[in-house]
Amino acid sequence: MMDMTELDRKLQARLLAGRRIEGDRLVLADAVLLAALDGSRPLSGGERAALQASPLTARRLRQLAEARRAKDTSGWRGSAGMLRAADSGAPFEALVTDDGAWRLHVVAGRAILQLDAESDLAPMLLRAAQPLRVRDGAGNTVLEGQLDPDGECEGPWPFAEGPARHFQRHGGGFTVEPIGR
């Protein structure tokens with residue numbers, strides 16, 4: 001069986017939620033759907049069948065999931081990533097956090113942090129104007145500042161070594177974190 005890509009999952013969800021059935025109604029209570037979302041109670045076979053047969057209930061599940069996700073991101077405490085490969089002699093391109101929300105580039109002596117506009121964090125972080133800090137794997141500050149309206153923060157590269165060598169020598173990882181929390 002072939003793994004579904006993120007695009008496949010989104011298309012499937014849109015097709016399921018977009019269906020309309022005459023006489024459709026909510027067949028599962030919010031409490032049941034929320035328990036399934038948080039993993040405290042899996043849906044029974046009958047409940048899964050009822051969910052699949054009711055586009056209205058599937059749309060309600062999606063609404064609850066989106067509301068839960070929005071609530072979860074308001075408590076964002078940071079994102080972490082790792083240098084992905086050993087030094088091959090190629091120029092440093094970018095580091096990406098494990099959650100895919102952030103990219104860190106170093107171009108012409110400038111460190112540039114970019115928030116992925118498609119990230120679940122993007123709406124909240126762009127509104128909040130939260131000061132951010134990027135640290136290397138050893139805890140040294142690489143960059144501090146606030147996101148501009150394009151979701152970027154920029155500053156001088158603060159180390160004598162180039163970025164690839166620096167990250168290799170200082171733990172191979174990095175974090176993006178809110179300042180003041």
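Q: Before we look at the aromatic residues, what counts as a ring pair here?
A: Rings of Phe, Tyr and Trp (its six-membered ring) pair if their centres lie within 6.5 Å, with planes under 30 degrees apart counted as stacked, over 60 as edge-to-face and the rest as tilted.

Q: And what sort of model is it, and which atoms go into the values?
A: This is a predicted model, in which local features need pLDDT of at least 70 and side-chain atom pairs count only at pLDDT 80 or more, while totals for chains, interfaces and linings use all residues. Residues are numbered from 1 along each chain as its sequence is written, and side-chain values use heavy atoms, with hydrogens and water left out.

Q: OK, which residues form one aromatic cluster?
A: The cluster consists of W157, F159, F167 and F174. Within it, W157 and F159 make an edge-to-face pair, at 5.2 Å centre to centre and 75° between the planes.

Q: Is F159 buried or partly exposed?
A: F159 is partly exposed, because its relative accessibility is 21% and buried means under 20% relative accessible area, exposed over 50% and partly exposed in between (1.4 Å probe, protein chains only). W157 is buried at 13%, and F167 is buried at 0%.

Q: Where does F167 sit?
A: F167 is in helix 6 (residues 163–169), where helices (H or I, at least four residues) and strands (E, at least two) are DSSP runs, numbered from the N terminus.

Q: Which residues have the most contacts inside the largest nonpolar core?
A: They are W76, W102, L104, L113, L125 and V134, in a core of 23 residues. A nonpolar core is a set of buried Ala, Val, Leu, Ile, Met, Phe, Trp, Tyr and Cys residues joined through side-chain atoms within 4.5 Å. The elements that give two or more residues to this core include strand 3, strand 4, helix 5 (122–128) and strand 5 (132–136). Another core, of 6 residues, lies apart from it and has L28, L33, L43 and L64 among its members.

Q: What does L113 touch?
A: Leaving out residues up to four places away in sequence, L113 has contacts (heavy atoms within 4.5 Å) with residues including W102, L104, V134, C153 and V176.

Q: Changing topic, what is the phi of A108?
A: Phi of A108 is near 50°, a positive value in a residue other than glycine. Most residues other than glycine have a negative phi. A108 is in the loop between strand 3 and strand 4 (110–115), and at 78% relative accessibility A108 is exposed.

Q: Finally, how many helices and strands does the chain have?
A: The chain has 6 helices and 8 strands, running α-α-α-α-β-β-β-β-α-β-β-β-α-β from the N terminus on. Buried residues account for 31% of its 181 residues.
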